[in-house]
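Student: Please take a close look at one part of this model for me. I would like to hear about the aromatic contacts, and then about what surrounds them.

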Amino acid sequence: MINAKRLFVGSQVALIVTAMSFAIRGGSASAWALQFHLSNEELGQVLGAALWGFTLAMLFGGPLCDLIGLGRIVSFAFFGHLVGILLTIFAWNFWSLFAGNLIFGISNGSVEAACNPLITALFPDDKTTKLNRFHMWFPGGIVIGAVLAYFMGKAGFSWKAEFATMLLPLVAYGFIFMGMSFPKTERVQKGISTKSMWTGCLNPLFLMMVFCMVLTATTELGTNSWITTILTSAGFSGILILAWINGVMAIGRSVAGAFVHKLSPIGMLLLSAFLAAIGLYAMSISSGFMLYVAATIFAGGVCFFWPTMLGYTNDRFPRTGALGLAIMGGAGMLGAGVSAPIIGKFFDNGIAHRLPVGQTVDSLTAAPDGSPAAVQWLQIQASAGLEALGKVAVLPVFLFFVFLVLFLTRSKAKAAPAA
């Protein structure tokens, strides 16, 4: 017998592990740069490795959900998480750190590859709402990870100890899923052929939504990968602002059902793009308290992006099934993975353009704490980093107009036939 409630809870706890890694990686980034002597571009490559791994798992794991079953994909995620955590903790150079993040990312993608179609199979009549409630634990898990990283850092614990905390929810979701029966995917239950599934994934509008997923995920995850480091340079507790942003997102996703019924999924995406653009631009020009305000607007903007893109597309193209969800999620993480080092490059270029004549990055970083040179270095990093975030604002501006067209033509839109 299928225990839908327990499977849903297990999926949420598995997503907490995935999300905690985003916060703890962000909080560990500065320590990694120092310990392994990484440039911002190299650091972006390490951060992006988890996103690349996520993409690979989504693209390969999606079709496997139908072939080998959702339960086996979840088991693979569990063991991959264990290996990824341990390899990262005991990393000895750039490549071992890269590999640990890559394996962890593959496991994160396996959670998404299995749990998204699991939830659509368990709740076929309420996909968007349930996907939002499932995905509330992505920002929720980031809040947990960010708060842990903040207080453990204050208490003198190393980044390795922070990584080890993820073993607790890992054991928890392994226990919840142990011995459980998993349903077949919705496509298999409905008898939709593999050929029909692939045909649905080649629909031009579906492919356009895949491209939009790249941009929505870049807006959300690409920037979140850097917010901790950049805002810390700006004199704030970047890890706490990251927790605040994701707390707002978690609350929004927990009440997503009300928005789905009042605005419709495409209406939610339209509003999200507008707020994300305003929030990112405001962050690039703000300081002091207004930076918190801008971060809140940004959080309200990206809040519904990921789960609503999945729900809207799966409802619009039901034939695509688990493969369609995997392609969407994989495309999202691909965009975020590509953007992480690009934003890092923007950051490096901004710093290079602001260096005073006769000064180098090495000379400024070696300056004693509290010295004029050290203060100047923080100011350079802050302005360059905020400028880098502002450059991402062009993406939600483009998305706004795409979603506006879909919103205005929504009465003509019809879901693709089920078979």
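Tutor: Start with two tryptophans. Trp32 and Trp159 are both buried in this predicted model. The search for ring pairs gives 17 aromatic pairs. Trp32 and Trp159 make an edge-to-face pair, with centres 5.7 Å apart and planes at 90 degrees. That pair links distant parts of the chain: Trp32 belongs to helix 1 (residues 4-36), Trp159 to helix 7 (residues 159-164), and 127 residues separate them.

Phe78 and Phe79 also form an edge-to-face pair, at 5.2 Å centre to centre and 85 degrees between the planes. Phe79 is exposed, because its relative accessible area is 53% and the cut-off is over 50%. Both rings belong to one aromatic cluster, together with Tyr173, Phe177 and Phe182.

Rings also meet charge here. The charged end of Lys130 sits over the ring of Phe123, 4.7 Å from its centre. The charged end of Lys130 also sits over the ring of Phe8, at 5.6 Å from the ring centre.

Now the chain start. Met1 lies in the segment before helix 1. Met1 is exposed, with a relative accessible area of 94%.

Next, helix 2. It covers residues 40-68, 29 residues in all. At 1.5 Å a residue, helix 2 should span 42 Å; its end C-alpha atoms are 40 Å apart, so the two values agree. Helix 2 has a kink of about 35 degrees at Gly61, shortly before Pro63. Gly69 follows helix 2, with a positive phi near 100 degrees.

Last, the salt bridges. The whole structure holds two. In one, Glu220 pairs with Arg253, and the closest N and O atoms are 3.5 Å apart. Glu220 is in helix 11 (residues 204-233) and Arg253 in helix 12 (residues 238-254), so the bridge ties together parts 33 residues apart in sequence. Glu220 and Arg253 are both buried.

Arg354 and Glu387 form a salt bridge too, at 3.3 Å from N to O. This pair links helix 17 (residues 321-354), which holds Arg354, to helix 19 (residues 372-391), which holds Glu387; the two residues are 33 apart. Arg354 is partly exposed, at 29% relative accessible area. Glu387 is partly exposed as well, at 32%.

Key
Residues numbered from 1 in each chain as written. Predicted model: local features only at pLDDT ≥ 70, side-chain atom pairs only at ≥ 80, totals over all residues. Heavy atoms only, no water. Helix = DSSP H or I, 4+ residues; strand = E, 2+ residues; numbered from the N terminus. Expected span 1.5 Å × (residues − 1). Bend = angle between axes of the 7 residues up to and from the residue. Phe/Tyr/Trp six-rings, centres within 6.5 Å; stacked < 30°, edge-to-face > 60°. Buried < 20%, exposed > 50% of the residue type's maximum accessible area, 1.4 Å probe, protein only. Lys NZ or Arg CZ within 6 Å of the ring centre and 35° of its normal. Salt bridge = Lys/Arg side-chain N within 4 Å of Asp/Glu carboxyl O.
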